[in-house]
Amino acid sequence: DPVRNRQKELQDLIVEAESSEAILSCVRELDGAIVISTAFHRLGKVGLPPEARADPRFKFLLERFRLRLPFFGSRQIANS
């Protein structure tokens, strides 16, 4: 399945990311609780500069999280 494969690629990219910019660069493609929660978890690990909170990509990620929240299990919520 190409969609699942792309989500797996994005998951791997996020896990290996060393900057918030690397994570934010792919947020528009993220879909699904696991990859979205991983993005938030990694942003917490690598650090999110204060100015990034005004970044439209970060706002998009927050909105995607809000829309997907009903599909999150306790593990994804804890990891976010």
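Reader: Which share of the contacts between residues at least 6 apart in sequence joins residues at least 24 apart?
Author: In this predicted model, 59% of those contacts in the protein chain join residues at least 24 apart.

Reader: OK, and what's the secondary structure? How many helices and strands?
Author: The protein chain has five helices and zero strands. Going along the sequence, the pattern reads α-α-α-α-α.

Reader: Let's pick a pair. At what angle do α1 and α3 pack?
Author: Helix α1, residues 2-16, packs against helix α3, residues 33-46, at about 10°. Their axes are 9 Å apart.

Reader: Parallel or antiparallel, then?
Author: Roughly parallel. Angles under 35 degrees count as that, and therefore α1 and α3 qualify.

Reader: And the crossing, left-handed or right-handed?
Author: The crossing of α1 and α3 is left-handed.

Reader: Which residues make the contact?
Author: From α1 you get Gln7, Leu10, Gln11, Ile14 and Val15. On the α3 side, Ile34, Val35, Thr38, Ala39 and Arg42 take part.

Reader: How does that split by class?
Author: The contact of α1 with α3 has six nonpolar residues, three polar and one charged.

Reader: Switching to the whole chain: what radius of gyration does it have?
Author: The protein chain has 12 Å. A compact globule with 80 residues would have a radius of gyration near 12 Å, so the two agree.

Reader: What box do the C-alpha atoms fill?
Author: Roughly 35 × 25 × 20 Å, taken along the principal axes.

Reader: Last one: what percentage of the residues is buried?
Author: Buried residues make up 35% of the 80 in the protein chain.

Key:
Residues numbered from 1 in each chain as written. Predicted model: local features only at pLDDT ≥ 70, side-chain atom pairs only at ≥ 80, totals over all residues. Heavy atoms only, no water. Axes fitted to C-alpha atoms, helices over the stretch in contact; angles between N-to-C directions. Helix = DSSP H or I, 4+ residues; strand = E, 2+ residues; numbered from the N terminus. Parallel < 35°, antiparallel > 145°, perpendicular 65-115°, else oblique. Left-handed = near helix turned anticlockwise from the far one by under 90°. Contact = heavy atoms within 4.5 Å. Nonpolar A, V, L, I, M, F, W, Y, C, P; charged D, E, K, R; others polar. Rg over C-alpha atoms; globule rule 2.2 N^0.38 Å. Buried < 20%, exposed > 50% of the residue type's maximum accessible area, 1.4 Å probe, protein only.
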